[in-house]
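Dear colleague,

I am handing over the structure below, and my notes on what was found in it follow directly after. Please read them alongside the coordinates.

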Amino acid sequence: MRVTMVCWGLLIVILLAALLKRDWLLNIFAQPWVQLATTVALIVLAAGWLLMFLNTLAIIRPKYLAPGARIGLTATLLVVALGITGSMSYGAFVMNKGRETISNVFSSGPAIKAVDGRYNIAVFGADSGANREGIRTDSMSLISVDAKTGKSLLISIPRNMQNARFSDDSPLRAVYPNGFNCGDECLFNAIYRDTTDNHAELYPNSADPGAEATMDAIEGSTGLKVQGYVMIDMAGFAGFINAMGGVTVDSGGWVPYNGKAWPNSSVNTHWFSPGVHTFTGKQALWFARSRDFTTDYHRIARQQCLQQAMIKQFSPQTLLTRFTDIMDAGEELVRTDIPQQQLGSFLNLANKARETPFERLTLGAPDFGSAADKFSTYPDFDKIHTRIQSLIAEESGTTAAPSSKSAKASAGSSASSAPKSTTSDTGRNTEPDKIVEEPTDSPTAQPDGSALSEEYLVTLEQIGRTDLLGEIAANNNDCSVP
């Protein structure tokens, strides 16, 4: 009876904390020692309840009961015993699974502190496929979150951005004093590999020098202090989406992706139609990475949309109902330097962020001119810092003013004038680093007035009308979260 009353008392306290002090509760249960102690306690309670029910059966002595009562009572006690002990045993398994995943994914050490009232976390989409050497960060963004309100700014850095600036305290500042400016070889997504292969000794205390260097470049280029990073492996991304039960987005245009060849054809292009889709993991990966007939900037916009959709749909209910699947997928998906001590407060902050739309900014088209302006090739860091500070000020309702960090990062940097493109290529983008002019109008019907269809688009590719396909796909960067 005493054990039962204590358990009910603890359950009531936990429920009250979940309603009144969720951040406090999350912080407690994010601690590995609390998870371990809870696991042990649940195992002990499960064993205790099982022994108690067996003892009850011994006291009752079913053999002295009437045959009907004997069977009914014994069956009832066994069902109740298995239900209670089974639930507690499963709870212990789930708690231990979470503890193992958190210990394997998150780092040790003290919690990080907000800077100027914000947490700025770099997010890398890493591609380490079997046909590639090492890791390539094909997707890079910075999520800047207000530490109190959860209002967020998502800043995407194009993979082909050049002349990236390193922060003042970066070891690579001495190696690249004028920025990462060795031409076409020095794209932003090459910083990780370059540092890992050639400058790892500059980060002697880091478990991942490439990630540290990329964080330094994001910090110097945006003017925001970057406190941590999350590396998302593309190979595990699909599994994580499946573990969530899919992700729902509203696509504004036709999005191509490569699948099996169409019957009696060499064309392997398939299309997601405009409208609301609930994607599986594989489909979400196709949607996020597609750039056929368009540019890198189109897929950046879709990636921003997917990131916001995942955060909005990754609710506490999803976590509870799909906990073990998410934990299994998360261990294969994520590598981070965020400390375990931070997990509780970040989960609470993420829950706040779900309730408000993200502000989005791309350090290139369409937020800084068109693709033809080549802003990402010749970035103006003063403009970038000013725009970011303005967005943060609008978000918080204050007057925009460049931070000291931004001013330092901007000092001494001069922006080159970006040459205008004189040509337009709206066909298939077979050169990943080539920026093409974006068409402004997207046809919405076939020449006979009937609605566009996947079969019609396949026919266009068969007859070589990639120019028209480029016009049709021109608005597939229009994506929202329903």
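The structure holds 14 aromatic pairs, where rings of Phe, Tyr and Trp (its six-membered ring) pair if their centres lie within 6.5 Å, and planes under 30 degrees apart count as stacked, over 60 as edge-to-face and the rest as tilted. In one of these pairs, the ring centres of Tyr257 and Phe272 are 4.3 Å apart with the planes at 25 degrees, so the pair is stacked. Because Tyr257 belongs to strand E6 (residues 255–258) and Phe272 to strand E7 (residues 269–272), the pair ties together parts that are 15 residues apart in sequence; helices (H or I, at least four residues) and strands (E, at least two) are DSSP runs, numbered from the N terminus. Tyr257 counts as buried at 15% relative accessibility, and Phe272 counts as buried at 6%, given that buried means under 20% relative accessible area, exposed over 50%, and partly exposed in between (1.4 Å probe, protein chains only). Another pair, Phe368 and Phe375, is stacked because the ring centres are 4.5 Å apart and the planes at 10 degrees, and both of these residues are buried. Tyr257 and Phe272 also belong to one aromatic cluster together with Phe279, Trp286 and Phe287.

This is a predicted model, in which local features need pLDDT of at least 70 and side-chain atom pairs count only at pLDDT 80 or more, while totals for chains, interfaces and linings use all residues. Residues are numbered from 1 along each chain as its sequence is written, and side-chain values use heavy atoms, with hydrogens and water left out.

As for the chain as a whole, its secondary structure comes to 17 helices and eleven strands, and buried residues make up 47% of its 482 residues. Among contacts (heavy atoms within 4.5 Å) between residues at least 6 apart in sequence, 71% join residues at least 24 apart.

The unreviewed UniProt entry places the feature "transmembrane region" at residues 36–59 and 71–93; its positions are given in the numbering used here, feature names are shortened, and annotations may be inferred rather than shown by experiment. In the model, residues 36–59 are 100% helix and 0% strand, with the end C-alpha atoms 35 Å apart, and residues 71–93 are likewise 100% helix and 0% strand, with the end C-alpha atoms 32 Å apart.

Best regards
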